[in-house]
Amino acid sequence: MPQTHRPRTTVGRLTLFTALAVLATAMPQSAVAVGELPGVRPTAETPAVYDDEAGGNADADDPAIWRNPADPARSLVVATLKEGGLRVYDLDAREVQAVAAPEAPGPDDAPGRFNNVDLVHGMKVGPRRSDLAVTSDRGSDRLRIYRVDGGNADAPLTDVTDPSAPAIFSSSQEEINEQRTAYGLATWTDPSNGRAYAVVSQRERTALRLLELTAKADGTVSYRTVRTLKLPSEFKLPKGGTWTPCGEPGELPQVEGMVVDPESGTLYAGQENVGIWRLGADLKGKPKLIDKVREYGVPGTYDEETEECVPGKDPGYGGTHLSADVEGLTLLHRKGGEGYLLASSQGDNSFAAYAWGRGDGYEGGFRVTAASETLDGTEESDGAAVLNKPLGAKYPNGLLVVQDGDDKPGEPDRDATNFKFVDLKPVLEALDDRR
């Protein structure tokens with residue numbers, strides 16, 4: 001089928017936000033009092049990108065922070081822009097490199113579309129060990145792998161993807177064009193054997209697939225499937241009956257935001273309109289739902305004319321800290337193998353923090369608020385990345401990078417997105433003060 005460009009605010013996102021707006025009026029005030037959360041201000045932002053033809057259909061999505069061990073002040077942020085490919089930024093949020101997504105293989109085929117990105121450190125590729133930036137290419141249903149060379153100031157990323165790397169969920173180009181393809185992504189290296197892996201989710205489905213990254217003799221990197229796990233799409237309710245999240249016909253509740261704690265081998269996965277799952281990164285064992293979105297259990301009817309879900313009465317089975325979609329997940333490491341699991345609560349423009357390593361209970365939250373008239377906060381935030389290590393004089397306390405789904409001030413009639421850089425000190429103060 002021909003590939004047509006969809007605007008940034010997709011039907012699925014409209015559906016969830018519309019349901020949220022209706023539900024918020026009927027929820028207890030304590031459940032929606034997001035204004036009570038502390039605010040933290042960004043210190044810098046990347047240039048705005050635009051999700052239209054003139055802007056190359058670029059849509060900021062997910063960041064990763066690469067720390068330069070030789071010179072932390074020259075660390076980098078690698079970020080996905082969907083059809084806009086990858087961007088690399090320095091710590092001043094200035095663009096260093098632009099990497100184009102692959103072109104469509106044929107006139108009726110899907111073009112490359114980079115969704116999520118994560119890092120692998122010290123993998124042996126060819127004669128040396130290298131850090132890698134791995135991205136899920138939703139357009140071609142593949143992983144794209146780039147070697148990170150911090151000493152190359154103008155072009156730190158080099159493509160080392162094996163040209164014969166296979167499709168992940170699809171068996172043909174026709175299936176790829178349907179775009180039930182590679183979506184969310186989290187990488188990890190197993191300390192017991194030194195092998196590097198990626199956990200990849202499937203768009204519009206509940207499947208998670210574990211891939212082992214494999215270095216080839218020619219210096220390229222491929223991958224092989226280890227196993228697949230499917231999360232539920234239907235849920236039993238406390239007083240009987242079942243619930244299936246409302247969506248477009250044929251779509252199941254997908255996962256995007258994921259992160260792995262490599263020391264414990266624990267994967268946290270955000271099923272967008274359900275909640276956050278904890279499970280083994282090896283995809284063995286039984287997943288546990290550690291928190292639910294507020295909309296959990298709310299019945300909905302899809303209206304084909306408006307392309308939105310009309311929510312029914314809230315039975316009160318949902319959580320109190322997350323508003324659908326639950327999006328970017330990232331681990332904020334503290335001393336002693338613990339810290340915070342941060343989750344983007346996209347529906348109310350906030351971030352929730354959980355006691356990672358201490359039982360996964362809710363620890364508080366915050367919002368990224370405007371620093372000035374020209375440096376705004378974040379709305380509809382998607383991907384996020386945090387690093388609790390000094391990054392030179394610019395960020396001696398560490399760095400949080402979050403996607404802003406509605407950058408302001410923007411240009412009239414254009415969807416603008418970008419990434420906000422936040423000093424980690426006020427984030428830690430906001431969270432630690434509530435412990």
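**Figure 1. Antiparallel pairing of β26 and β27 in the predicted model.** Strands β26 and β27 are joined by 4 bridges and run antiparallel. Within this pair, Ala353 has Gly364 of β27 as its bridge partner. The structure shown here and in the other views is a predicted model. Two tyrosines also form a ring pair in this view: the ring centres of Tyr354 and Tyr362 lie 5.9 Å apart and the planes stand at 70°, so the pair is classed as edge-to-face. Tyr354 is buried, with a relative accessible area of 1%, whereas Tyr362 is partly exposed at 29%.

**Figure 2. The open sheet of 5 strands that contains β26 and β27.** The strand order is β1-β27-β26-β25-β24, and the pairing is mixed. At the edges stand β1 (39-40) and β24 (326-333); each has a single partner strand, so one side of each lacks a neighbour in the sheet. Strand β1 pairs with β27 in the parallel sense over 2 bridges, and Val40 stands opposite Val368 in β27. Strand β24 pairs with β25 (residues 339-345) in the antiparallel sense over 6 bridges. Thr330 has Leu342 of β25 as its bridge partner.

Figure 3. Helix α4 (residues 424-432) lies across β1, β24, β25, β26 (350-354) and β27 (362-368). The helix runs at about 140° to β27. Leu424, Val427, Leu428, Ala430 and Leu431 are the buried residues of α4. Viewed down the helix axis, these buried residues fall within an arc of 160°, so they line one face of α4. At the N-terminal end, α4 is capped by Asp423, which places a side-chain oxygen 2.8 Å from the backbone nitrogen of Lys425.

**Figure 4. The antiparallel sheet of 4 strands.** This open sheet has the order β12-β13-β14-β15, and its pairing is antiparallel. Strands β12 (182-189) and β15 stand at the edges with a single partner strand each, so one side of each is left without a neighbour in the sheet. Direction ignored, neighbouring strands of this sheet are turned by 25° against each other on average. Strand β13 (residues 196-202) is joined to β14 by 5 antiparallel bridges, and Val199 has Leu210 of β14 as its bridge partner.

**Figure 5. Aromatic pairs.** The whole structure contains 8 aromatic pairs. One of them is formed by Trp188 and Tyr197, which are stacked with 5.2 Å centre to centre and 25° between the planes. Both partners are buried: Trp188 has a relative accessibility of 7%, and Tyr197 has a relative accessible area of 9%. Elsewhere, ring pairs link Phe235, Trp243 and Tyr296 into a cluster.

**Figure 6. Surroundings of Thr220.** Thr220 lies in the loop between β14 (207-215) and β15 (221-230). With a relative accessible area of 13%, Thr220 is buried, because the cut-off for burial is under 20%. The side chain of Thr220 makes a polar contact with the side chain of Asp218 at 2.6 Å. Leaving aside residues up to four places away in sequence, Thr220 touches Val125, Val160, Thr161, Asp162, Thr214 and Ala215.

Definitions and conventions. Residues are numbered from 1 along each chain as its sequence is written. This is a predicted model: local features need pLDDT of at least 70, side-chain atom pairs count only at pLDDT 80 or more; totals for chains, interfaces and linings use all residues. Side-chain values use heavy atoms; hydrogens and water are left out. Two strands pair if DSSP finds at least two bridges between them. Contact means heavy atoms within 4.5 Å. Axes are lines fitted to C-alpha atoms, for helices over the stretch in contact, and angles run from 0 to 180 degrees between N-to-C directions. Buried means under 20% relative accessible area, exposed over 50%, partly exposed in between (1.4 Å probe, protein chains only). A polar contact is a pair of N or O atoms within 3.5 Å; within protein, one must be able to donate a hydrogen and the other to accept it, and residues adjacent in sequence count only if both atoms are side-chain atoms. The arc is that of the directions from the helix axis to the C-beta atoms. Rings of Phe, Tyr and Trp (its six-membered ring) pair if their centres lie within 6.5 Å; planes under 30 degrees apart count as stacked, over 60 as edge-to-face and the rest as tilted.
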